[in-house]
Structures are given as C-alpha cells and as structure tokens.
Amino acid sequence: MVKVVVCGAAGGIGQPLSLLLKQSDLITHLALYDIVNAPGVAADLSHINTPSKVTGHGKDSLAEALKDAHTVVIPAGVPRKPGMTRDDLFKVNASIVRDLAEGCAQYCPKAFILVISNPVNSTVPIVCEVLKKANVFDPRRVFGVTTLDVVRSSTFVHQIKPAFVPHANRITVVGGHSGATIVPILSHITQKGVSLTTEEIKTLTHRIQYGGDEVVKAKDGAGSATLSMAYAGARFTNSLLEASVRGRKGLVESTYVHLGGNPGAEANIAATGLAYFAQDVELGPEGVAKVLALPKLSAEEDALVKIALGELKGNIAKGVSFIVDIPAKL
Ligand SMILES: NC(=O)C1=CN([C@@H]2O[C@H](COP(=O)(O)OP(=O)(O)OC[C@H]3O[C@@H](n4cnc5c(N)ncnc54)[C@H](O)[C@@H]3O)[C@@H](O)[C@H]2O)C=CC1
Ligand SMILES: O=C([O-])CC(=O)C(=O)O
C-alpha cells in the first residue's frame, strides 16, 4: 500500500496538487486532510477513474488521515499578500506546521515529509526539530520542496533562449526558498547551442529569486503561486515515489534538507557551515540516497551563495528556536 496524505488539501495548492497526484499509478490511497472542505474535495476527486482510493479527513481526524502514510505533503497555511515577505508568514504557519509534524511523529513516524508551507527555510527546521524531540527523526525523510525554483529557472531561460528545452533540462538551484537565498546555478547550462552572457545570467537570476513576487503581484491580494506550485509539488512527489516505490536509480532533484546525518552531506556542511541547505540530492529507497556536493560556482554565484548563507542562518535559527531553546546542531 502506498498512502500519500496531502495536508491543506482543500487550498489553492492542495486541490490541484491532489488532482495531479490522483493521476499517479504508484499511489494506492490518497488521503486529503484540511480543517475545511476536505470531504468535498475528496468526493469530487474520488470519481476520477484512476486506481487510487481517495478519502477526506476534517480537523478532528488527523490521526486517521496520517495512519500508515508512506508520504505526507504539507501545503497547509496562509499564503502571501502583496508587500509581505515569506518570513512574514512565520507567525501563522509555524504553529500549523509544528502541529502537523507532531501528528506525523505520532501517527506515521517513518513517512517521507514534503514541506511546501512557507517560509520553507524555517518550516523545514521546525519539522525536523519536532521529529528529533519525539526521537523519530531520520534526515533522509524530510524535504523542503524548492522544485518551483527549478521549474521557473528552466522556463525563464527558455523564454529568452527558445532553443533551450525547458522540460528536458534541469537547472540546479541551491540555498533556500526566498529571495536572495534562491541561487540558480545558471553557469552550468550545458545544452549545445545555448549560452548566456553575464548580463543575461544576472537578469535571469534576479527573476528566478523573485519569481514568487511576480505571481503575488499579479494575483493582487488573492494569494500566491498555486497551479505552478501544484505542478512542482507533484513533480517532486512523483520523483520520490519513483525512487522509493519503483526503485528507479539516479533520480536527482534540488531540495532543502537537514545536512547532518544525510549521506554525502559532509562537503556541503563544510562549504556552508549550515544545518540546512538546498542542493541537488539523489533520491533512493529511503529518501535521500546522497546529497550531492555543490557544483563549481562562477565568481558571481559564489558571491550570491555567500549572501544566501547569511540570510539562511537567521531563518534556520528562527525555525529551530520555535521548538527548542538551543542553536541548531550540524
Ligand atoms: N514551497 C513553495 O515553493 C511554495 C509554497 N507556498 C506556500 O504554500 C502555502 C499554502 O498556499 P496556498 O495553497 O496558496 O494557501 P491557501 O490558503 O489557498 O490554502 C491553504 C490551506 O491550508 C489549510 N489549513 C490551514 N490550517 C491548516 C491546518 N492546521 N491543517 C491543515 N490544513 C490547514 C486551509 O484551510 C487551506 O485550505 C503557503 O504557506 C504558501 O506560502 C506557495 C507557493 C510556493
Ligand atoms: O511567493 C510566494 O509567497 C509563494 C512561493 O513560495 C513561490 O511562489 O515561490
């Protein structure tokens, strides 16, 4: 049985994400949890003639939703409005994510946990610290979903270089998931016939770092990216299922993880001095199979990573200290 739970399933991301996951032939049970409307969304999706069973769970049935989960995807919480940073969401979303993580620790301690709720740079440390406290933490099994930055990178490159095939070329994005902490490694684009000037890289990098703001502005108070995020969230979930359920080897995605205790993370611990970082990760049967070392960076990328490190340090400390009083350990 492969049970995937979406927490926040009735929301702007939750609904299209659940729709995309209903198309997976690897999922046997799709459980939709939300404090509002989950049964309605579940009834609707359950009429689709793909193999998975769909169930809906309201606010008093978190235990039932999470029980026996293989994977829990968390897009629960409030989105930004114009003028807000992702960090401004911390005061509402931190406790939502903490409570869901406590549920996971109790009812599905071995599940993979995919965190979408912002600010990801801080909510992932919250989840990890909750699991550590409950003595069920496995760093290979918790992921901050930064796939939208990867998706945006290849889309935006394609928009200025039409020869670049966006879905066939994965661009590594390192750091975290907010503004200056998002560092796309555009110097490594290798497609034949496509090259970017230093000025193009600078413009693209800024657009990728602030891609979320483009959507927040265009939605004008009605929230942030939901459909592209659902696509990105489904892509990451499907990659993890391909690696963990089907046993596909060599699958790599950029993702924000706890470095300490993860296979292969030593080089990035040394390079960043941080407890959490986004980089390419090879996925496997237990989640992280290997954290890949940072690629060789251009001088500009190196400078951007240094800026990201400063901001990430504060974001991580904020998440960790929401759960414990001591600073994050590597
Ligand atoms: N990681 C990423 O790249 C991205 C992250 N996000 C983040 O995803 C989150 C969700 O965004 P949207 O779906 O647009 O928001 P939304 O407001 O449309 O949906 C959120 C859903 O969470 C539910 N919810 C609230 N408290 C809950 C709880 N305790 N348990 C379960 N469900 C709960 C709400 O009822 C609602 O249905 C936001 O924090 C947003 O910033 C958004 C886009 C990209
Ligand atoms: O911008 C936001 O608040 C939502 C988000 O994380 C993104 O679109 O990358």
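The model is predicted, so local features need pLDDT of at least 70 and side-chain atom pairs count only at pLDDT 80 or more, while totals for chains, interfaces and linings use all residues. Residues are numbered from 1 along each chain as its sequence is written, and chains are lettered from A and ligands numbered from 1 in the order in which they are written.

**Domains**
- The chain splits into domain 1 (2–144) and domain 2 (146–317); these bounds come from an automatic or database domain assignment.
- Their C-alpha centres lie 21 Å apart.
- Domain 1 puts 35 residues into the contact, and domain 2 puts in 40. Two residues are in contact if their C-beta atoms, placed from the backbone, lie within 7 Å.
- On the side of domain 1 that touches domain 2, the elements giving two or more residues are α1 (14–21), β4 (71–74), β5 (112–115), α5 (120–133) and β6 (142–144). Helices (H or I, at least four residues) and strands (E, at least two) are DSSP runs, numbered from the N terminus.
- The most comes from α5, with six residues.
- That side of domain 1 holds 23 nonpolar, six polar and six charged residues. Ala, Val, Leu, Ile, Met, Phe, Trp, Tyr, Cys and Pro count as nonpolar, Asp, Glu, Lys and Arg as charged, and the others, Gly among them, as polar.

**Ligand 1**
- The shell has 34 residues, of which Gly8, Gly11, Gly12, Ala76 and Asn118 come nearest. A residue is near a molecule if its C-beta atom, placed from the backbone, lies within 6 Å of it.
- Helix α4 (residues 90–107) supplies the largest share, four residues.
- By class, the shell has 19 nonpolar, 12 polar and three charged residues.
- Domain 1 and domain 2 each provide at least three residues.

**Ligand 2**
- Its surroundings are Pro79, Arg80, Arg86, Asn118, Leu148, Gly212, Val215, Val216, Ser224 and Ala225.
- Helix α8 (residues 211–219) gives the most, with three residues.
- Five of the shell residues are nonpolar, three polar and two charged.
- Ligand 2 lies between the domains, because both give residues to its shell.

**His177**
- UniProt lists His177 under "active site" in an unreviewed entry; such annotations may be inferred rather than shown by experiment.
- His177 sits in the loop between β7 (173–175) and β8 (182–184).
- His177 counts as buried because it has 27 C-beta neighbours inside 10 Å. The cut-off for buried is 20 or more other C-beta atoms within 10 Å, with C-beta atoms placed from the backbone.
- Leaving out residues up to four places away in sequence, His177 touches Val120, Asn121, Gly144, Thr146, Asp149, Ile182, Tyr256 and Ala278.

Key: A residue is buried if 20 or more other C-beta atoms lie within 10 Å of its own, exposed if 12 or fewer, and partly exposed in between; C-beta atoms are placed from the backbone.
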